[in-house]
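Hi,

Here is the structure I promised to pass on. Have a look at it first, and my notes on what turned up follow below.

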Amino acid sequence: MSYEYITKYDSPNFGYPRGTRGQNKPKKIVIHYWGVTGQSFWGVVNYLCRNGGNTSANYVVESGRVACIVNQSDAAWHSGTYYDNISSIGIECRPEMSKGDIDTVAQLIARIWKDQGKKLPLVGHKDVVATSCPGPYYPKLDELYKLAEHYYNGAKKPINKVVQGRSKGKDNLTIAKEVLAGKWGNGEDRINGLKKAGYNPNKIQDIVNKICSVNEVVEKPKVKSVTELAKEVLSGNWGTGTGRKRRLTDAGYDYNKVQAEVNRICGVSSTQVKSIDAIASEVIAGKWGNGSERKSNLEKAGYSYSKVQAKVNELLS
Ligand SMILES: [Zn+2]
């Protein structure tokens, strides 16, 4: 939204002595509000432009309207001190502080920054002297500054969302962690507290939920039994050889236990590394017993009794 820039009203209330031009070397912008609600923009302009008055400002602003009543280079009588009047630009803002009022003030600040060739800091009148001015604008100074930067950087449209509050510096993730740590209370209290501090309770809750669901996965991994794993191994899900060993180990399982179970299911002894010839020699040497005992021992160990016996017969023939 653009605004009407009005220069046809000049205040005689500036300079030392009155009417002296060119004394202002602006180093900051002082934000004021015109106090009582319900006053009209034009009423305030007329009052600050009155002959013989002792107060003024450089600008009077409401939504869509800016009156420049004292030039930026002249010392308007707005701050209450000589020093501040010759080193700042004073803006009188509408106390109702509608969204449009804030938007126009921000655009004016951007305009002043461009005129001055730099971004002057914003202060409240109460930062200069003891006063309640600028009322509701005081906690909005950071927001105003950010919105003014937005215009200063060339934006034509107002930004949708402005950070609220004067000293907010935390991102949503930090706040979500604080919520989890119990710093923001619960239920309605939490929602109201977050809103008051300028945060969006729904967004914070979304992040809290995400953090919690991640923790659940970490805390409760699905643990498979050795038998389940062995069946998966047999189905080929874990690959073979060293690849299988690495995958199982990486997944946090005991490779040896799984492999032993695989062997048990298959009826294969994990110590079966000997050739049929070697076993046949052992049988001949009497290490595997005789008769049904020999057969049972060989089969328990995973060997084919008939194959070993055939070899024994061949060796003995
Ligand atoms: Zn003031």
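**What I found**

Let's start in the loop between β5 and α3 (99-116), which is where Met 97 sits. Met 97 has a phi near 50°, a positive value in a residue other than glycine. Most residues other than glycine have a negative phi, and most peptide bonds are trans. Two peptide bonds in this model are worth a look on that second count. Tyr 16 and Pro 17 are joined by a cis peptide bond, with omega at about -10°, and you'll find Pro 17 in the loop between β1 and β2 (28-33). The other cis bond to look up runs from Cys 133 to Pro 134, with omega near 10°; Pro 134 belongs to the loop between β6 and α4 (141-152).

The average pLDDT of the protein chain is 87, and 90% of the residues score at least 70. Two stretches need care, though. Residues 161-168 have a pLDDT below 50, although this stretch has 19 contacts in the model beyond near neighbours in sequence. For residues 215-221 the pLDDT also stays under 50, and here the model has 0 contacts beyond four places in sequence. Where pLDDT is low, the predicted coordinates should not be read in detail.

**The domains**

How is the chain divided up? The domain assignment gives domain 1 (4-167), domain 2 (169-223) and domain 3 (226-316). In the model, the C-alpha centres of domain 1 and domain 3 are 90 Å apart.

**The sheet**

- Strand β1 (residues 4-6) runs parallel to strand β4 (residues 65-68), and 3 bridges join them. The residue opposite Ile 6 in β4 is Ala 67.
- β4 also pairs with strand β3 (residues 59-62), this time in the antiparallel sense and over 4 bridges. Val 61 faces Val 66 of β4 across that pairing, standing opposite to it. β3 and β4 make a hairpin with 2 residues between them, and Gly 64 in the turn has a positive phi of about 85°.
- β3 is joined to strand β5 (residues 88-93) by 3 bridges, and these two strands run parallel. Val 60 has Glu 92 as its bridge partner in β5.

**Two helix pairs**

Further along the chain there are two helix contacts to look at. Two packed helices are described by the angle between their axes and the distance between the axes.

Take helix α8 (residues 226-234) and helix α10 (residues 255-266): they pack at an angle of about 70°, and their axes are 8 Å apart. That makes α8 roughly perpendicular to α10. On the α8 side the contact is made by Val 226, Thr 227, Leu 229, Ala 230, Val 233 and Leu 234, and on the α10 side by Lys 257, Val 258, Glu 261, Val 262 and Ile 265. Sorted by type, the residues of this α8 and α10 contact are 8 nonpolar, 1 polar and 2 charged.

Then there is helix α11 (residues 276-284) with helix α13 (residues 305-316), which pack at an angle of about 70° with axes 9 Å apart. α11 is therefore roughly perpendicular to α13. α11 contributes Ile 276, Asp 277, Ile 279, Ala 280, Val 283 and Ile 284 to the contact, while α13 brings Lys 307, Val 308, Lys 311, Val 312, Leu 315 and Leu 316. What kinds of residue make up the contact of α11 with α13? They divide into 9 nonpolar, no polar and 3 charged.

Cheers

Definitions and conventions
Residues numbered from 1 in each chain as written. Predicted model: local features only at pLDDT ≥ 70, side-chain atom pairs only at ≥ 80, totals over all residues. Axes fitted to C-alpha atoms, helices over the stretch in contact; angles between N-to-C directions. Parallel < 35°, antiparallel > 145°, perpendicular 65-115°, else oblique. Contact = placed C-beta atoms within 7 Å. Nonpolar A, V, L, I, M, F, W, Y, C, P; charged D, E, K, R; others polar. Domains from an automatic or database assignment. Pairing = 2+ DSSP bridges. pLDDT = per-residue confidence, 0-100.
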